[in-house]
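This report goes through one protein chain, part by part. Please look at the sequence and the structure before reading on.

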Amino acid sequence: MTQDLVQQIEELKSRRRAVILAHNYQPPEIQDIADMTGDSLELSRKAAMTDASVIVFCGVAFMAETAAILNPEKTVLLPRPEAGCPMADMITAEDMRRIRAEHPDVPIVTYVNSTAAVKAESDACCTSANSIRVVSSFSDAATVYMAPDQNLAKFTALHSSKRILHWNGYCPFHHALQPEEVLVQKRAHPESLFLAHPECRPEVLSLADQVMSTSGMLRFVNESSHGSFIIGTEIGILHPMRQANPDKAFYPASMKMLCPHMKKISLDDVLRSLETLEPRISVPEDIRVRALGAVERMLQIS
Ligand code: 13P
Ligand code: SF4
């Protein structure tokens, strides 16, 4: 049955000249049919470079929106358009304009986990893979404002000479991880390295051997001579880690780190999207053009 579905998706995909991009947190069967899996930065880059006519984005809304910002002439599909990101909804364009009015000389760097309208009010975007580089690129600024993730802002501040002001947004699933839970895992698996995502709170990050984006973690475990790891990010990442490293051990820092928004898309949804070329994601042109400036600045820097 699944094999049947996969074959139908493959056939329709080539007929539609479509590419399937999937985030590292997507369900295993979605990652397995994707043309490319990656973190937010890699998927933005791929979306910027693809010559496919249709992009089927298996992730959450802000990721598909970023693809639409970069590709106004292409059809961008998000098989389940209600798959959102609670952190992205913690700040509005109006909040951004207020920040700008209060800090007129301060560049605003916005995490890609944000709506297109919020990106449009920003000087540059960043991801978990490049926030330090993007902030440093404002060489004339002593202070930079980061939105919406407070934890990424605090992590970036530790590695930057700049004063970082920030909005108080957070990812409910990363922010919920407590240092005590990490310590329990460390005691149970003392031989393990602890890798954490910068969306975790500072008390958790201070326990980490490495702080990195999802694809940064994947590269690290693939290349490391170490045999076991405690993973402080959404548990969907365990699938590609275990697939590429059957001899290594991976322990989730907490089984509660499950983002339900990232688990909405099924193979049936992907097939239906390819059949109907719906649901499409598009961004109003005036917002798109302004958001593009912030996304392009990020892509140029990284
Ligand atoms: P990455 O860019 O590291 O993949 O993170 C995206 C995300 O939503 C983390 O919660
Ligand atoms: Fe958003 Fe958190 Fe889900 Fe990432 S894991 S998409 S930041 S809610």
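The model shown is predicted. Leucine 277 counts as buried, because its relative accessibility is 17% and the cut-off for buried is under 20%. Leucine 277 sits in the loop between α14 and α15. Its phi is positive, about 55°, although the residue is not a glycine.

The loop between α14 and α15 also holds proline 279. The peptide bond that joins glutamate 278 to proline 279 is cis, with omega about -15°.

## Helix α14 and its cover

Helix α14 spans residues 267-276, and its buried residues are Leu267, Asp269, Val270, Leu271, Ser273 and Leu274. The elements that cover these buried residues include α1 (2-16), β1, α2 (28-33), β3 and β4.

Which residues does valine 270 contact, leaving aside its neighbours within four places in sequence? They are Ile9, Ile20, Ile30, Ile33, Val56, Cys58, Pro79 and Ile265.

## Nonpolar cores

Nonpolar side chains tend to be buried together in soluble globular proteins. In this chain, the largest nonpolar core has 73 residues, and Met146 and Val270 are those with the most contacts inside it. Another core, of 13 residues, lies apart from it; among its members are Leu195, Phe229, Leu238 and Met241.

Lysine 13 and arginine 15 are both found in helix α1. Are they buried or exposed? Lysine 13 is buried, because its relative accessible area is 9%, whereas arginine 15 is exposed, with 66%.

Not counting residues up to four places away in sequence, lysine 13 touches Ala18, Ile20, Ile33, Asp35 and Leu274. Leucine 274 also has its C-alpha atom 9.5 Å from that of arginine 15, although these two residues are 259 residues apart along the chain.

Arginine 17 has its place in the loop between α1 and β1. It has a positive phi, near 55°, in a residue other than glycine. Arginine 17 counts as partly exposed, because its relative accessibility is 48%.

## Helix α4

Helix α4, residues 61-70, is mostly covered, with nine of its ten residues buried. These are Phe62, Met63, Ala64, Glu65, Thr66, Ala67, Ala68, Ile69 and Leu70.

What covers the buried residues of α4? The covering elements include the strands β1 (18-23), β3 (54-58) and β4 (75-77), along with the helices α3 (40-49), α6 (116-119) and α15 (285-301).

Proline 148 lies in the loop between β7 (143-147) and α8 (150-158).

## The chain as a whole

The chain has 15 helices and twelve strands. Its radius of gyration is 19 Å, which agrees with the value near 19 Å that a compact globule of 302 residues would have. Its C-alpha atoms fill a box of roughly 55 × 55 × 30 Å along the principal axes.

Of the 302 residues, 60% count as buried. Among contacts between residues at least 6 apart in sequence, 61% join residues at least 24 apart. The chain exposes about 12600 Å², of which carbon and sulfur atoms supply 51%. There are 30 positive and 37 negative charges, and their mean positions are 2 Å apart.

Definitions and conventions
Residues are numbered from 1 along each chain as its sequence is written. Chains are lettered from A and ligands numbered from 1 in the order in which they are written. This is a predicted model: local features need pLDDT of at least 70, side-chain atom pairs count only at pLDDT 80 or more; totals for chains, interfaces and linings use all residues. Side-chain values use heavy atoms; hydrogens and water are left out. A nonpolar core is a set of buried Ala, Val, Leu, Ile, Met, Phe, Trp, Tyr and Cys residues joined through side-chain atoms within 4.5 Å. Buried means under 20% relative accessible area, exposed over 50%, partly exposed in between (1.4 Å probe, protein chains only). Contact means heavy atoms within 4.5 Å. Helices (H or I, at least four residues) and strands (E, at least two) are DSSP runs, numbered from the N terminus. The radius of gyration is taken over C-alpha atoms; the globule rule is 2.2 Å times the number of residues to the power 0.38. Accessible areas come from the Shrake-Rupley method with a 1.4 Å probe; for residues, only the protein chains shown count as cover. Lys and Arg count as positive and Asp and Glu as negative; His and the chain ends are not counted. The place of a charge is taken as NZ of Lys, CZ of Arg, CG of Asp or CD of Glu.
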